[in-house]
Amino acid sequence: MPRTVVPPPEYTVLYANTDALPDTTSNQSWSAEISFTDNCMTGVIEENAWGALSLKYEGELFENGSLRFDIKSNGTLVNISIFEADTDRMIPLGQVKATTEYKTYIYDIDCPDFIRFNFQDTSGEGVEFRLQNIFYSSGTRDDF
């Protein structure tokens with residue numbers, strides 16, 4: 001009986017600890033400012049704005065897969081979501097709790113076509129967070 005060969009997952013760098021986003025990633029944030037210092041990206045979300053740091057990959061649409069990133073936050077919870085390509089509907093992946101040290105999060109994504117990754121202020125009180133090592137994989141969380 002022939003064996004089915006599953007191709008290895010492909011990895012896409014959305015941000016890799018530099019002083020700018022790569023050419024393949026654009027800043028689509030709202031009510032937020034981003035800056036780059038000390039090998040990290042800092043997002044500052046305005047108070048009472050329910051804003052988000054939103055990163056759009058400028059290549060082909062992503063399909064399912066997983067998202068991995070390191071984050072630390074001085075504030076409240078941060079919602080992690082994606083935008084579905086056809087409807088621009090926000091699909092939640094989970095929440096990140098405030099920590100004073102970087103913590104790695106990995107979320108599986110169940111969406112056939114999506115275009116953006118969002119890190120959104122949960123409380124509307126404004127929040128500041130730092131991000132490093134943001135990667136997309138066409139595989140599951142177990143592939144990281």
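Is Trp30 buried, exposed or partly exposed?

Modeller: Trp30 is partly exposed, at a relative accessible area of 26%; buried means under 20%, exposed over 50% and partly exposed in between, with a 1.4 Å probe and protein chains only. This is a predicted model, in which local features need pLDDT of at least 70 and side-chain atom pairs count only at pLDDT 80 or more, while totals for chains, interfaces and linings use all residues. Residues are numbered from 1 along each chain as its sequence is written, and side-chain values use heavy atoms, leaving out hydrogens and water.

The structure holds 15 aromatic pairs (rings of Phe, Tyr and Trp, the last by its six-membered ring, with centres within 6.5 Å; stacked if the planes are under 30 degrees apart, edge-to-face if over 60, tilted otherwise). Trp30 and Phe83 form a tilted pair, because their ring centres are 6.1 Å apart and their planes stand at 45 degrees. This pair links distant parts of the chain, 53 residues apart: Trp30 belongs to the loop between β2 (25-27) and β3 (32-37), and Phe83 to strand β7 (residues 78-84). Strands are DSSP runs of E, at least two residues, numbered from the N terminus. Phe83 is buried, with 8% relative accessibility.

Phe69 and Tyr107 make a stacked pair, with 6.2 Å from centre to centre and 25 degrees between the planes. Since Phe69 lies in strand β6 (residues 66-73) and Tyr107 in strand β9 (residues 103-108), this pair ties together parts 38 residues apart in sequence. Phe69 is buried at 0% relative accessibility, and Tyr107 is buried at 12%.

Finally, one aromatic cluster is formed by Tyr57, Phe62, Phe114, Phe117 and Tyr136.

Terms used
Helix = DSSP H or I, 4+ residues; strand = E, 2+ residues; numbered from the N terminus.
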